[in-house]
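Please read the following explanation alongside the sequence and the coordinates, moving from one chain to the next as the text does.

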Amino acid sequence: MKLPVKRRYEMRFSGSGGQGLIMAAVVFAEAVGVYDGKYVCQTQSYGPEARGGKSKAEVVISDAPIDYPKARRLDLLLAMNQTACDAYYRDLNPDGLLVVDSSLVSQYPTSRIIAIPFTRIARDELGREMAANMVALGAVGLLSGQVISNSLEKALLARVPPGSEEFNRAALHRGMDEAAKINLDALPRSVLSDDEV
Amino acid sequence: MTADSHPSPVEPQQPDSNLSKANRKKRYDIAFYHDWCKACGLCMAFCPRQVIQADEHGKPLVTEPDACIGCRFCETHCPDFAITVSERQPRRRKDDV
Amino acid sequence: MSEIQAKRQLLQGNEAIVHGALAAGCRFFAGYPITPASEIAEQLAALLPKVGGTFIQMEDEIASMGAIIGASLAGVKAMTATSGPGFSLMQENLGYACAAEVPCVVVNVMRGGPSTGLPTSPAQGDVQMARWGTHGDHPIIVLAVSTVSDCFSLTVKAFNLSEQFRVPVILLSDEIVAHTRECVQLPDAAELRILNRLKPSVPPDWYKPYEGDSRGVPAMATLGDGYRHHVTGLVHDDLGFPTEKSNEILNFQQRLMHKITRGFPEIMLTRSYRLEDAEVAIIAYGSVARSAMRAVDEVRQRGIPAGLLQLITLFPFPRSHVTPVLKQCRAVLVPEMNMGQISREVQRVNQGMCTVVKHNRVDGQCITPDELEARLVKL
Amino acid sequence: MTVPAQAIRHEYLRHNKKFPHVWCPGCGNGIVMAALLRAIYRLELSKDEVVLASGIGCSGRMPTYLDFNTLHTTHGRALTFATGVKLANPALNVVVIMGDGDATAIGGNHFIHAARRNLNLTAIIINNSIYGMTGGQYSPTTPFGARSTTSVYGHIEQAFSIAELAVTAGAAFVARSTVYHADLIDQLIEQAMRKQGFAVVEVISNCHVQYGRRNQLGDAVEMLTRFRDQAITVSKAAKLSAEELAGRITIGVLADRDLPISTEEYDKVRQRASEEGMLR
């Protein structure tokens with residue numbers, strides 16, 4: 001008896017504690033799960049320190065119930081600093097997307113990379129460095145093709161403190177705009193050659 | 001009532017000497033449940049009038065019931081609920097036994 | 001409650017336990033902060049007062065366990081939640097709840113041990129402690145969750161079993177389930193089957209607080225409702241008073257165990273996955289069962305007829321569900337995030353029927369589908 | 001009001017229990033039990049609305065004999081059970097009976113936190129300076145130098161003063177008596193049970209069998225006589241220096257203060273929670 005193995009889309013948001021990556025992953029999962037009605041699992045790991053330690057959050061998306069809740073072969077990796085980029089890029093699928101914050105990641109492990117200066121945009125254009133996660137969320141939402149943009153916005157607005165809706169919406173859309181400039185077809189074919197996998 | 005106003009059992013509030021007539025003096029009966037009594041001796045030791053004596057098993061025995069002033073020290077200090085002090089009811093008729 | 005339950009939500013396992021408890025009628029929680037279980041206390045601190053319930057943070061887990069027993073005796077469904085070290089402290093009063101037959105639910109989000117161990121890493125270190133942690137022979141029911149949806153439904157089930165059998169129910173979770181967020185559609189209150197303890201149906205003078213009914217479970221009076229009686233952790237007679245008569249001691253011991261054995265059909269819960277034609281099988285529980293399910297699918301792609309028996313009830317050990325798998329398969333793999341706490345139960349039941357292989361991981365990492373796949377292909 | 005033994009015996013003792021009770025001849029536990037019943041009698045409480053909880057030890061056996069809702073809990077944990085009962089049903093009058101080891105050794109943490117938490121509970125601690133039931137081991141209130149089966153050569157630790165511990169921990173009402181002052185015990189228990197808040201009554205009691213015997217203190221009569229002579233009222237004690245108070249037992253009310261009651265404060269929490277709507 002052979003059944004096709006269930007199709008999953010696996011993402012990891014990584015960086016340092018305090019960058020709001022878990023928050024971003026939760027919003028993404030909520031958009032996909034609650035508003036788009038897909039199956040979703042969101043997990044995370046972090047050190048005991050609330051600020052500065054290594055942080056990663058994962059989202060697994062499927063049309064069928066999800067068994068193993070953690071990501072194994074990433075379809076998308078968001079790396080918000082160099083350490084995370086170096087530590088996790090090997091977990092990417094051959095045709096997975098590596099999205100890095102080019103304001104904090106300077107050495108790219110591969111040429112198949114999407115580099116957007118999330119932190120610089122947040123700091124210089126939006127006036128709050130803390131919003132980098134929301135800019136990244138917007139970009140990743142669009143690049144992954146896994147979530148309806150409107151759902152992402154609804155999920156975000158349901159989670160943010162009252163009064164900060166407009167600011168967060170602007171940050172999200174700024175990220176989406178930046179991602180819209182990326183031509184995925186123009187990326188090199190794979191992060192890793194097949195024999196390296 | 002506070003601790004300061006707490007009456008000491010050796011100084012009863014209404015000593016019998018305050019009563020003018022002997023026949024108006026209150027009398028008390030002390031009943032013991034010997035099955036419950038463990039012969040600890042507290043009732044005998046602290047009776048202000050030494051009314052309670054020990055019998056041959058060490059259990060309490062009242063030798064002079066009329067001497068009891070009804071302070072109830074024995075009743076409240078009996079750890080075994082084995083003592084009842086009650087006011088003796090006056091005889092209604094001469095032939096009442 | 002409808003507000004809490006109506007819509008599809010993204011919840012962590014710990015949050016789903018909270019919703020399950022509230023839906024089951026839990027109105028009292030006493031606990032002490034501990035990773036990775038604290039979210040349960042935090043959420044209940046916010047939600048219980050809204051539904052007229054009570055939350056209290058006690059001075060330690062010993063006190064937490066005592067407080068939920070007190071609340072349950074006063075007629076309120078009660079729960080606590082903890083992790084390994086706190087669960088150790090609860091064992092004393094947990095035994096009291098077993099002896100005095102006080103319904104209550106204890107959630108243990110397991111971590112690695114011994115001692116303070118690994119607070120934020122996944123492990124399944126407390127399986128045997130959940131069964132045998134408190135001293136003496138005692139009845140107890142232990143359930144294990146593997147999904148956020150389980151966290152809701154098995155919390156309800158835990159309360160139901162606890163009320164039905166007047167026994168503490170331990171709900172074992174692990175860090176992965178506790179902190180994974182999944183979407184769940186919580187059922188309406190009306191759809192749920194909620195069971196409550198049987199109250200006495202005789203006048204107080206006739207009430208025998210520890211005389212079992214046909215199932216061996218005594219009716220339970222609430223403190224203050226006129227059925228004055230004595231509750232003790234000493235071995236007691238039907239009236240609840242300590243006894244040293246051998247026939248009464250025996251009656252007490254046997255009834256405590258028999259009420260559980262008579263309830264086996266209702267208590268034993270497992271899930272079968274692709275076992276129909278399986279020649280090799282995994283027996284797993286908790287989050288490991290999810291890795292196992294993935295591994296089964298993947299090795300079947302490679303032509304290996306594998307299946308999974310997921311244990312939901314860990315204790316009493318579901319022997320009647322495990323035995324057919326052992327008879328059917330040539331080999332069974334028992335993966336656990338401990339050194340082999342359920343595999344010893346499987347081996348005990350196995351009696352040479354098939355090959356039982358352990359797969360243990362105690363390095364603070366979860367068991368991945370890949371490593372199970374590698375074991376399965378070699379069976 | 002004088003409460004005759006007849007009345008409490010008839011009303012409150014469990015008629016199906018075997019008397020005499022389990023305690024040794026002359027044990028103060030029986031005196032405290034009678035005092036507790038006189039207090040409850042005067043408070044005119046229905047037996048159904050009284051919950052009596054105890055821990056383990058000689059004092060732990062008390063609830064067995066009394067016709068209330070009775071809980072014989074685990075060692076040192078009676079206050080935790082009582083906390084759950086009281087929070088679940090604040091209408092119940094919950095009295096907790098403990099011994100010195102029960103309340104201040106194994107249950108010491110629960111004791112100070114119960115005092116701090118200020119639920120409307122009454123804690124009666126019978127302090128006989130020893131573990132009686134287990135055979136005379138030293139307790140947190142065994143005096144320095146005293147002998148016990150585990151301080152064979154004299155005790156080397158300092159003793160707790162239970163009532164003062166309760167005052168410091170924040171109990172709303174704290175009082176002390178001795179078993180010699182039996183009428184005072186019931187008055188203090190009555191006051192404690194009327195008090196809104198966590199109320200502690202410490203009763204200095206005699207364990208002549210385990211403690212008295214090993215420390216040449218004589219029998220129950222001698223020990224009670226000594227309590228009589230050592231006792232000094234709070235107001236008289238206030239006029240004495242610490243040196244003059246050495247070896248004395250201060251009896252009476254040591255603290256009586258009005259503090260917010262946990263159950264009442266929690267009602268306000270429920271109110272605030274329902275007003276603030278759903279949290280995410």
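In this predicted model, buried residues account for 55% of the 197 residues of chain A. The secondary structure of chain A amounts to six helices and six strands, and, followed along the sequence, these elements are arranged in the pattern β-α-β-β-β-α-β-β-α-α-α-α. If one takes the contacts of chain A between residues at least 6 apart in sequence, 62% of them join residues at least 24 apart.

A:Thr110 is located in the loop that runs between β5 (92-101) and β6 (114-116) of chain A, and its relative accessibility is 12%, which lies under the 20% cut-off, so A:Thr110 counts as buried. A polar atom of the A:Thr110 side chain lies 3.0 Å from the backbone nitrogen of A:Arg112.

Two packed helices are described by the angle between their axes and the distance between the axes. For helix α5 (residues 149-159) and helix α6 (residues 165-180) of chain A, the axes come within 10 Å and cross at roughly 150 degrees, and the two helices are therefore roughly antiparallel to each other. The crossing of α5(A) past α6(A) is right-handed. On the side of α5(A), the residues that meet the other helix are A:Ser149, A:Leu152, A:Glu153, A:Leu156 and A:Leu157, while α6(A) brings A:Glu165, A:Asn168, A:Arg169, A:Leu172, A:His173 and A:Met176. Sorted by class, this contact of α5(A) with α6(A) holds five nonpolar, three polar and three charged residues.

The contact is formed by C:Asn14, C:Glu15, C:Ile17, C:Val18, C:His19 and C:Leu22 from α2(C), together with C:Glu39, C:Ile40, C:Gln43, C:Leu44 and C:Leu47 from α3(C). By class, the contact of α2(C) with α3(C) comprises six nonpolar, three polar and two charged residues.

In chain D, seven of the ten residues of helix α6 (residues 108-117) are buried, so this helix is largely enclosed by the rest of the structure. The buried residues of α6(D) are D:Gly108, D:His110, D:Phe111, D:His113, D:Ala114, D:Ala115 and D:Arg117. After α6(D) comes D:Asn118, which has a positive phi near 60 degrees.

Terms used. Residues numbered from 1 in each chain as written. Chains lettered and ligands numbered in written order. Predicted model: local features only at pLDDT ≥ 70, side-chain atom pairs only at ≥ 80, totals over all residues. Heavy atoms only, no water. Contact = heavy atoms within 4.5 Å. Helix = DSSP H or I, 4+ residues; strand = E, 2+ residues; numbered from the N terminus. Nonpolar A, V, L, I, M, F, W, Y, C, P; charged D, E, K, R; others polar. Buried < 20%, exposed > 50% of the residue type's maximum accessible area, 1.4 Å probe, protein only. Polar contact = N/O pair within 3.5 Å; in protein donor to acceptor, adjacent residues only side chain to side chain. Axes fitted to C-alpha atoms, helices over the stretch in contact; angles between N-to-C directions. Parallel < 35°, antiparallel > 145°, perpendicular 65-115°, else oblique. Left-handed = near helix turned anticlockwise from the far one by under 90°.
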